[in-house]
Amino acid sequence: MKIPDLYTYLSEFLSPAINPLRLEKGANKDYYLGLDWTEAAALYPKLAEDGFGLIGLFGLEGFRGYEGLSLLYVFEKRNYSGTLVIIRRTDSPVASIAAIFPSACYFEREIRDGYGCEFENAFDRRRLWLHETYPANFHPLVKSFKNQLLSLPAGVEDEALYPFKKVSGEGVYEVGVGPVHAGIIEPGHFRFSAIGEPVLNLEIRLFYKHRGLEKLAMGRDIDFGLKIAESVSGDESAANTYAYSLGVEHICSVRPPRRAEQLRLILLEMERLYSHLSDLSGMLTDVAYPVGAAALAALREELMRWNKRLSGSRFLKGIITPGGLLRDIPAGIVNELADYLRVFEGRFNQQVEKALAKTSVVDRFETTGIINNRLLVPLNITGVAARASGADIDTRLNQPYGLYSELAFESPVLPEGDVMARFKVRVSEVQTSLGLILQTASRLSAGEYIVPLKTQNGYSLVLVESPRGQSLHWLWLRDGKIERYKVRTASYCNWQAIEHAVLGDIIPDFPLINKSLNLSYAGTDL
């Protein structure tokens, strides 16, 4: 299916109020439009009415001749290939657009923390990733700030100071979960307000894992940037290093050899496979079906061992690089993998069939944790969460990259929006990934697996479909160094879906709802 190009649509949509000739193309299918405050204020509501969603918003200094802070607003119109990036300078007051695009709330708070930029009429001015122990007027993304040891105030209790929303009324009580959890899990705080058993409100506080990766990337070379991409979220290493590499390749006008693109696709789908196996197993664990969970966990372990054979890393690290791959994967190993996956499919389907025959599993999955379809565009919910709530969106199909446009496949879509729908969508995606790997393995080309590249100046926006959904990478290279590297993973937006999904359910169902989305803490907090 041919996806219409966004540029043609924008040319008609913007005219006559804004001259389409002002659109400038980036290194990929990212189209840039500089607007003053009056033009932007008039355009935002029209974009929302026409179905555009805000999928990214971030700041940077020294962009396109303006030494101050520029804000880049990234919009996507689903089922159109390309993105619209509106550039706003901050030499005049900047108004919040969260009332028009609710996904902007997190983005604006993040920019306020990083750069000190205030948004007029913002309805949420709380810190996001700078917790209370950070000093006032601490904005580390500003270029003039140098990384250094901080003198932090002693005895500050984060949760005592952070102003959670209060729900009052007779019989209403609060339950706090985390940030430290019982298992080997990253920190996150969940503040429930309930009356009796049903949840009335949930507020999530994350960003206990902040590592300063965006600051660390500034001024570094391409090889160092690859290590940062690999560290965004451990179980999305292939997706993130691929997106970073694609950004470098777009800027440098390089395309990897076909063999490298085929092997990359196999690695990306292997990552999707083991991720979904982990989620499916975890969901069965949370409804007390350990036999089925263990069987799926065993299959996942087998996939992880195949990852090691393919790449040298169970988490597929250290193999994808700008220009192709750091090492070749012999055809014999790829053929062995294909033989294994043909057997794997039958074993997997058998375990799923057994699990869904258990009434105790079905009873817990159905009608639990419903995500309303109306939330998908306003909150920019993507991936399994969106497809299980009726949205036919998959970056591999809607914004095709690599060799995905050459392969025949469809993304499963279900309308119910509950845990069961997310379970079934994952099952179908496992089967889809198996088909993609087998198709690619049967056509594996001979030849080189990497090409040299010469660093050039430029910037590129890349969208990829990670196992959790759409991830956004924006890379700016200047004089062989990284000027700015921004990553927004699917988890960053999808976390907000849980606050809605739990409403009306009981607190004991929260672990199941949470696992059905399986979002990354570290991947949210760079």
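Select F138 to begin: at 10% relative accessibility, this residue counts as buried, where buried means under 20% relative accessible area with a 1.4 Å probe, protein chains only. Next select F145, which also counts as buried, at 17% relative accessibility.

The model is predicted, so local features need pLDDT of at least 70 and side-chain atom pairs count only at pLDDT 80 or more, while totals for chains, interfaces and linings use all residues. Residues are numbered from 1 along each chain as its sequence is written, and side-chain values use heavy atoms, with hydrogens and water left out.

Keep both residues selected. The structure holds 35 aromatic pairs (rings of Phe, Tyr and Trp, the last by its six-membered ring, with centres within 6.5 Å). F138 and F145 form one of them, edge-to-face, at 5.2 Å centre to centre and 85 degrees between the planes; edge-to-face requires planes over 60 degrees apart.

Now select Y32, F58, F63, Y459, W474 and W476. Together they form one aromatic cluster.

Go on to R191, which lies over the face of F164, 4.1 Å from the ring centre. For Arg, this requires CZ within 6 Å of the ring centre and within 35 degrees of the ring normal. R220 lies over the face of F224, at 4.1 Å from the ring centre.

Finally, show the whole chain. Its C-alpha trace spans about 70 × 60 × 50 Å along the principal axes. Buried residues make up 58% of the 526 residues. Colour by secondary structure to find 17 helices and 15 strands, which are DSSP runs (helices H or I, at least four residues; strands E, at least two).

Definitions and conventions: Phe/Tyr/Trp six-rings, centres within 6.5 Å; stacked < 30°, edge-to-face > 60°. Buried < 20%, exposed > 50% of the residue type's maximum accessible area, 1.4 Å probe, protein only.
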